[in-house]
Amino acid sequence: MFVTRSTLQDFLTRLDAAYGRPGRVLLVGQTSLVYEGHAPWTDEAELTAEVEDPVAFDAALRRAAEAAGIAVWPESPADVIPLPEGYEDRHRAADAAGLQHLRLAHFDPYSVAYRFIARGDEPDYHLVLAYLDQGWVTFAEMDARLDALLPRFSMETIAQDPAEFMRRYKGLRQMAAAIAPGTLHRHTPA
């Protein structure tokens, strides 16, 4: 089942009730775009959480996903890349209407962009282009943050070569210059 804004809201309401404690859910990638109405759907909800009881949260997450009939992928950019300095301050607030216990935000867009550039396939580039289009990230700030971040890549991540990352980043910049806004890709229905 595709994850639309309404199925995502239903899932989050179920998760909030199933977990029943304070915490924060951080939406990641395409899930953020869907939640904010900038994309019509995604094939799975990607998120991470800051909670006191991760075991109880994971159980609640599984129950809520099953009840909502959606696929959920627990994903944190920190699992793949070192996070840029100040990332915690760049989480974007999200409307958590209807949630009683959990707060909702979008994971730092710069961390998300770097994570998807590091993976480096075309749908990932389109996601970063959508973040650029929405003004969630800029190339100027990404360039500035990379100076401090790149030296940490080979020391703190799983097989992430800084030179390979820069090759992918250059490819993204070339794609951004060549693609017209609104170009269809696998996350956009025709």
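This is a predicted model: local features need pLDDT of at least 70, side-chain atom pairs count only at pLDDT 80 or more; totals for chains, interfaces and linings use all residues.

Tutor: Let's take helix H4 and start with its meeting with helix H7 (residues 162-178): the two axes come within 8 Å and cross at roughly 105 degrees. With angles of 65 to 115 degrees counted as roughly perpendicular, H4 is therefore roughly perpendicular to H7. On the H4 side the contact is made by Tyr 114, Ile 117, Ala 118 and Arg 119, and they meet Phe 165, Arg 168, Tyr 169 and Leu 172 of H7. Sorted by type, the residues of this contact come out as six nonpolar, no polar and two charged.

Now for the other neighbour. H4 (residues 109-119) also has its axis within 8 Å of that of helix H5 (residues 122-134), and here the crossing is at roughly 155 degrees. Anything over 145 counts as roughly antiparallel, so that is how H4 and H5 run relative to each other. Their crossing is left-handed. H4 brings Pro 109, Val 112, Ala 113, Phe 116, Ile 117 and Arg 119 to this contact, while H5 answers with Asp 124, Tyr 125, Leu 127, Val 128 and Tyr 131. That set divides into nine nonpolar, no polar and two charged residues.

Look at Ile 117 and Arg 119 again: they are listed in the contact with H5, and they turn up in the contact with H7 as well.

Conventions
Residues are numbered from 1 along each chain as its sequence is written. Side-chain values use heavy atoms; hydrogens and water are left out. Axes are lines fitted to C-alpha atoms, for helices over the stretch in contact, and angles run from 0 to 180 degrees between N-to-C directions. Helices (H or I, at least four residues) and strands (E, at least two) are DSSP runs, numbered from the N terminus. Angles under 35 degrees count as roughly parallel, over 145 as roughly antiparallel, 65 to 115 as roughly perpendicular and the rest as oblique. A crossing is left-handed if the near helix is turned anticlockwise from the far one by less than a right angle, and right-handed if clockwise. Contact means heavy atoms within 4.5 Å. Ala, Val, Leu, Ile, Met, Phe, Trp, Tyr, Cys and Pro count as nonpolar, Asp, Glu, Lys and Arg as charged, and the others, Gly among them, as polar.
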